[in-house]
Amino acid sequence: MSLFDLPLDQLRGYRSRSTEPEDFDRFWAATLDETRGHDLGARFEPVPTALATLDVFDVTFAGFGGHPVKGWFVLPAGTSEPLPVVVQFLGYGGGRGLPHTHLLWGSAGFAHFVMDTRGQGGAWNGGDTPDPVGSASSYPGFLTRGIEDPYAFYYRRLFADAVRAVEAARSHPLTDASRTVALGGSQGGGITLAVGGLVPDLAAIAPDVPFLCDFPRATTVTDRHPYREVGHYLKTYRGRTADAWRTLSYFDGVHFAARGRAPALFSVALEDETCPPSTVFGAFNAYAHEDKSIEVYDFNDHEGGGPYQEATQLAWLADRLTP
């Protein structure tokens, strides 16, 4: 594969043309008010594992619509004082999987909250959270599920779940709410940007090769899924393009980035055809907080920096979360 998007010098100055809805803030305020009308009801049940250095809890909390959402909560074994907490969101098609696949952040001395993704888990890691809400016709996947109406769109439910996941993580007595970090890769990176725009007092966010950014460009510059789902849907439902763009505009990471109020560490891969580099830079360049940086992986596809980016995140967070 070779570079297919804009050259790096142009990416650094690229600005998205995604149009923000006039009622963007009202839409999200109403969505979160509706979601918070249900008691959070976060429950943390100890899980026996063979992990000698970590304690694991099976989490259930009320997300959008009061629907039960699962997660894992992982602590360094024997923790007795509140710790900074990393809230992690997952990539497209995956669920929370098994506890022993989430070792990094607890091993580094953080409390670690992993949110399961409603309705997902059939592509790689299994999931335990159904999505009980149906939708009109959609292309197989999640990106067109409810696309006819922003209030019915799948990601409205998922982003509301994610805000509640932060609230659930902060409700545990062994987390330091003032040192809450949101992070994730791909879809998890897009969710991270949404949470960064909707939760005003995070200590930091780290969106890694984020999905769900700059929809007008993403859906026309790459043929790779998941963005291609939108093209397949519109190929069948001719004449619905404007309605689809309107719905997607309420969920565009570019607009959440413009509301970012925490230090942010992004990453991008210049051969990434799943989340094209221009779409990531569209969100990065719109990001509002002055303490922001982006790691560039010149010859990588959607795997991005992988463990190298994790090492960078560990060092970056150590600088920002020291009491």
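Predicted model: local features only at pLDDT ≥ 70, side-chain atom pairs only at ≥ 80, totals over all residues.
Reader: What makes Cys213 and Cys275 too far apart for a bond?
Author: The sulfur of Cys213 lies 7.5 Å from the sulfur of Cys275, its closest cysteine sulfur.

Reader: Why is Cys213 called buried? And what about Cys275, buried or exposed?
Author: The label goes to anything under 20% relative accessible area. Cys213 comes out at 0%, so it counts as buried. Cys275 also has 0%, so it is buried too.

Reader: On to α2. How do you know that its length is close to what is expected?
Author: Helix α2 runs over residues 24-36, which is 13 residues. From first C-alpha to last it reaches 18 Å, and the expected value at 1.5 Å a residue is 18 Å.

Reader: Which residues of α2 are buried, and what puts them on the same side?
Author: The buried ones are Phe24, Phe27, Trp28, Thr31, Leu32 and Thr35. They cover an arc of only 120° around the axis, so they sit on the same side of α2. Over on the other side, Arg26 and Asp33 are exposed, and that word takes over 50% relative accessible area.

Reader: What do the buried residues of α2 pack against?
Author: Four helices: α4 (154-171), α5 (187-198), α8 (241-249) and α9 (253-257).

Reader: How many aromatic pairs turn up in the whole structure? And why is the one between Phe142 and Tyr154 called tilted?
Author: The search finds 29 aromatic pairs. For Phe142 and Tyr154, the centres are 5.0 Å apart and the planes make an angle of 40°. Stacked needs under 30 degrees and edge-to-face needs over 60, so at 40° this pair is tilted.

Reader: What does the pair tie together?
Author: Phe142 is in the loop between β5 (111-115) and α4, while Tyr154 is in helix α4 itself, so the pair links parts 12 residues apart in sequence. Both Phe142 and Tyr154 are buried.

Reader: Last one: how do you know that Arg96 lies over the face of Trp72, and where does the charged end of Lys292 sit?
Author: Arg96 is 3.7 Å from the ring centre of Trp72. The charged end of Lys292 sits over the ring of Phe284, 4.9 Å from its centre. The distance cut-off is 6 Å, with a direction within 35 degrees of the ring normal also required.

How values were computed
Residues numbered from 1 in each chain as written. Heavy atoms only, no water. Disulfide = S-S within 2.5 Å. Buried < 20%, exposed > 50% of the residue type's maximum accessible area, 1.4 Å probe, protein only. Helix = DSSP H or I, 4+ residues; strand = E, 2+ residues; numbered from the N terminus. Expected span 1.5 Å × (residues − 1). Arc of directions from axis to C-beta. Contact = heavy atoms within 4.5 Å. Phe/Tyr/Trp six-rings, centres within 6.5 Å; stacked < 30°, edge-to-face > 60°.
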